[in-house]
Amino acid sequence: MSSYESVRAAILPHLKAGDWLTLLLGSSCVVLLTINLWSGDLADKAVIRSGGKIFREAPLARDQQIEVPGPLGTSIITIEKRRARISSDPSPRQYCVRQGWLQQAGEIAICLPNQVSVELTGSTKKYDSLNY
Amino acid sequence: MTASIIKLDTTAEDHHIARMAAVALGLTVLENAIPSPLPGVKPGLANIVTLIVLARYGWRAAAWVTLLRVVAGSLLFGSFLAPGFFLSLSGAVLSLLALAFAQHLPKRWFGPVSHSIYAAFAHIAGQMGVVYLWLIPHSGIAYLIPIFATAALVFGTVNGLIAARFMDNDGKTNMERLP
């Protein structure tokens, strides 16, 4: 008996019809989970704009601080734990700083006076833009 | 003060559960020596014992063996009440719940392989629940779920097959079992 046949003999008698059904159910579960969770609904990149032009695209996977120059001074953007926020900005009303952490694809923080913005993007975009 | 002797009355069933739990513990120790590419992805060899106990002696005995293995195993590795212990415990409790339902599947069509796969999926569900609610409350862990689910399917199937092979001779008389 070849090794392939002996493996078959070891496995097949122990799989009943229901077991095959379970295997099928389990496999489709795995496939569905993979498609849903790895499709990139979660943001994976921060697009930083200054004066309307793309200043830099930073991956969210690495924690870092980025300094962006604008007409009023320097804005500091922090990326941490797959989230991004504007941690410091020279704008008078500080709206973009108080907006806090951005996490989902499509979320955006804009500092109009300093003409700096951060937008999160994923491979698929659930919303055009998210505002609170 | 007189010396008092505490004597516990143990039944044959107690001894049997203890023996099975000891076998499961041995497999746990063996398994910990196998390096794993990702923390948490483990074959769960001790579950083979749970499956066999479930098939032969019922759910109550299987629950005893599993919970004894989790608690005694954590004492062996010095992780009792540490996060790892609660991960094992939550996985074990959810697996046992899944097995409580899965054991009622018709025996004609469903064998240990089905039990094993359902229990393996329940195991990762329990663990991910604890990880998300307590250890890492961040949606980033969702990225790991497909990996854990694949591991659950593969190891669940393999463990179920091993358990089924062990029980090949069940139901036959001793004469037939002799070569």
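## Model and numbering

This is a predicted model, in which local features need pLDDT of at least 70, side-chain atom pairs count only at pLDDT 80 or more, and totals for chains, interfaces and linings use all residues. Residues are numbered from 1 along each chain as its sequence is written, while chains are lettered from A and ligands numbered from 1 in written order.

## Helix 2 and helix 5 of chain B

Helix 2 (residues 46–57) and helix 5 (residues 112–135) of chain B pack at about 125°, with axes 10 Å apart. Helices (H or I, at least four residues) and strands (E, at least two) are DSSP runs, numbered from the N terminus. Axes are lines fitted to C-alpha atoms, for helices over the stretch in contact, and angles run from 0 to 180 degrees between N-to-C directions. The two helices are therefore oblique to each other (under 35 degrees is roughly parallel, over 145 roughly antiparallel, 65 to 115 roughly perpendicular, the rest oblique).

Helix 2 of chain B contributes Asn47(B), Leu51(B), Leu54(B) and Ala55(B) to the contact. Helix 5 of chain B contributes Pro112(B), His115(B), Ser116(B) and Ala119(B). Contact means C-beta atoms, placed from the backbone, within 7 Å. By class, the residues are five nonpolar, three polar and no charged (nonpolar: Ala, Val, Leu, Ile, Met, Phe, Trp, Tyr, Cys, Pro; charged: Asp, Glu, Lys, Arg; polar: the others, Gly among them).

## Helix 1 and helix 3 of chain B

The axes of helix 1 (residues 12–32) and helix 3 (residues 59–77) of chain B come within 8 Å and cross at roughly 45°. That makes helix 1 of chain B oblique to helix 3 of chain B. Their crossing is right-handed. Residues in the contact include Ile17(B) and Met20(B) of helix 1 of chain B, and Trp64(B) and Leu68(B) of helix 3 of chain B. The contact divides into 13 nonpolar, three polar and one charged.

## Sheet of chain A

Four strands of chain A form an open antiparallel sheet, in the order 2-1-7-6. Twist averages 15° from one strand to the next.

Strand 6 of chain A pairs with strand 7 (residues 116–121) of chain A over four bridges, in the antiparallel sense. Pairing requires at least two DSSP bridges between the strands. Ile110(A) has Ser117(A) of strand 7 of chain A as its bridge partner.

## Contact between chains

Chain A gives 21 residues and chain B gives 23 residues to the contact. On the side of chain A, helix 2 of chain A supplies the largest share, 12 residues. That side divides into 11 nonpolar, six polar and four charged residues.

How values were computed
Two residues are in contact if their C-beta atoms, placed from the backbone, lie within 7 Å. A crossing is left-handed if the near helix is turned anticlockwise from the far one by less than a right angle, and right-handed if clockwise.
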